[in-house]
Amino acid sequence: MNLTPEQQAIGRRNFMKAVAGVPALGALGAAAALSGPKRGGPVKAALVGAGGEGKVLLNQCMKQWIDIRAICDINPLHAKTAAEGMEKKGLRKPTEYQDLKTMLEKEDLEAVIIATPLWTHADVTVAALDAGKHVLCEKMMAYDVAGCQRMAEAARKNNRILEIGYQRFYNPTYHAAYEGILKKGLLGDVHYIRTVWHRNKSWRREEKPPSKDFDPKQWGYENWDHLVNWRLYKKYSRGLLAELGSHQIAVTNWFFDGVPEAVYSSGGVYRFGKEGREVPDHVFATFEYKGGRTATFTSVESNSFDDTYEQIMGTKGTLIMRKETESFFFPEGDAAKPTNIEVTPRTGNALVDASESRIADASGGGHNRTVVSQTGSPDKFDRVIAYRNEINAFCASIRTGAPLNVGPAKASGSA
């Protein structure tokens, strides 16, 4: 899906007109997130897993809402660089840990944010919940259904909050689209949602171990490569469908108000087999929902032309959510009408180029991509606002009991 500059201008204008006045735009915007919890002060918390995604989350932790007191990672270099990054921003340097159990015993914590590899989600989450901590865990919820059930039961048993990191549920533009377009019937009857996440590169990463004698086997990883590139191996990862597709299927479930009843898929390791990866580099899946509704997910690592988007197609119009930052609405039959508007095409790299956010997108300063139209409404959102909203809402729920946007039921529905 590639729109001409003129189509983008038309679609963006149609979207902003359709969602004008939707409370979600203001309620989930940055201005509403500045004051912090109304009582109890910032939530005392720790981060477990300080790799790429962990640092994204850490950089969106606002001191008014959350007090990061400790960072735990089996790679001590990750914990060290994350802690030093906080210190450089003028915040108190968190205590660094390599062992989760030790951290949970020693630190005075109320909550834990988890951004570890998928296969560890259930074990780390249950350990934190059993220690009496609230948990915000990155997506997917768990490696398997049994893991999801363990996490949900531990949250119930310990009477603690469990939120799963599907940040699109905290993205203002998705809420505006749902409230201002879908619920108002502007799309008509929706029978098909197309989701796409296409790239032209491997998932493989290069990183040096923290020391010559570092041995990841004690944590269950066969070797250093398996730890760094865990997404490529079946023992630790569910591959593209989990790391990328679960985000988009979660949105599809939200907009369809249901979960798939059946799925058929194909794919394989077609391009990068020589590098030793085990999970497919091409995935094609079709999901069937009640009422004759269908969704497709495709992820390829051989062509980036389509990039990433969700396209919701109804009898009255089409809604396109692209890169989590831009939205376009085209009433049926109006998509290509000329408007005599001159628009300069966007240049530069895609904002989203991996299963997790790029560090550059979440450095906490100098990367504001929110564009405001003449009406005062945002035309484009900085995608990390959704992470910030997610963390703030998690803290607010701890302090006030406010409901969360995802929770175990929705998250396990996607998983």
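Q: What places His226 in a helix, and which helix is it?
A: His226 lies in helix α9, which spans residues 224-228, where a helix is a DSSP run of H or I with at least four residues and a strand is a run of E with at least two, both numbered from the N terminus. The model is predicted, so local features need pLDDT of at least 70 and side-chain atom pairs count only at pLDDT 80 or more, while totals for chains, interfaces and linings use all residues. Residues are numbered from 1 along each chain as its sequence is written, and side-chain values use heavy atoms, with hydrogens and water left out.

Q: Why does His226 count as buried?
A: Buried means under 20% relative accessible area, with exposed over 50% and partly exposed in between (1.4 Å probe, protein chains only); His226 has a relative accessibility of 9%, and therefore counts as buried.

Q: What makes the pair His226 and Tyr236 a polar contact?
A: A polar contact is a pair of N or O atoms within 3.5 Å, where within protein one must be able to donate a hydrogen and the other to accept it, and residues adjacent in sequence count only if both atoms are side-chain atoms. The side chains of His226 and Tyr236 are joined by such a contact at 2.8 Å. With neighbours within four places in sequence set aside, His226 is in contact (heavy atoms within 4.5 Å) with Tyr221, Tyr233 and Tyr236.

Q: How do you know that strands β9 and β10 pair?
A: Two strands pair if DSSP finds at least two bridges between them, and β9 (residues 282-289) and β10 (residues 293-300) share 8 bridges in the antiparallel sense. Within this pairing Ala285 stands opposite Phe297, and Glu288 stands opposite Thr294. The hairpin of these two strands has 3 residues between them, and Gly291 in that hairpin takes a positive phi near 80 degrees. On the β8 side, β9 runs antiparallel to β8 over 7 bridges, with Gly268 opposite His282.

Q: What makes β9 a mostly covered strand?
A: Of the 8 residues in β9, 6 are buried, and the strand is accordingly described as mostly covered.

Q: Why are β8 and β13 said to stand at the edges of the sheet?
A: The open sheet has 7 strands in the order β8-β9-β10-β7-β11-β12-β13, with mixed pairing. Strands β8 (262-268) and β13 (326-331) each have a single partner strand, so one side of each is left without a neighbour in the sheet.

Q: Why are helices α3 and α11 called roughly perpendicular to each other?
A: Axes are lines fitted to C-alpha atoms, for helices over the stretch in contact, and angles run from 0 to 180 degrees between N-to-C directions. Angles under 35 degrees count as roughly parallel, over 145 as roughly antiparallel, 65 to 115 as roughly perpendicular and the rest as oblique. Helix α3 (residues 52-59) and helix α11 (residues 384-400) pack at about 70 degrees, with their axes 9 Å apart, and they are therefore roughly perpendicular. In this packing Glu53, Val56 and Leu57 of α3 meet Tyr387, Glu390 and Ile391 of α11.

Q: How many residues of the chain are there, and what share of them is buried?
A: The protein chain has 415 residues, of which 54% are buried, and it contains 12 helices and 15 strands.
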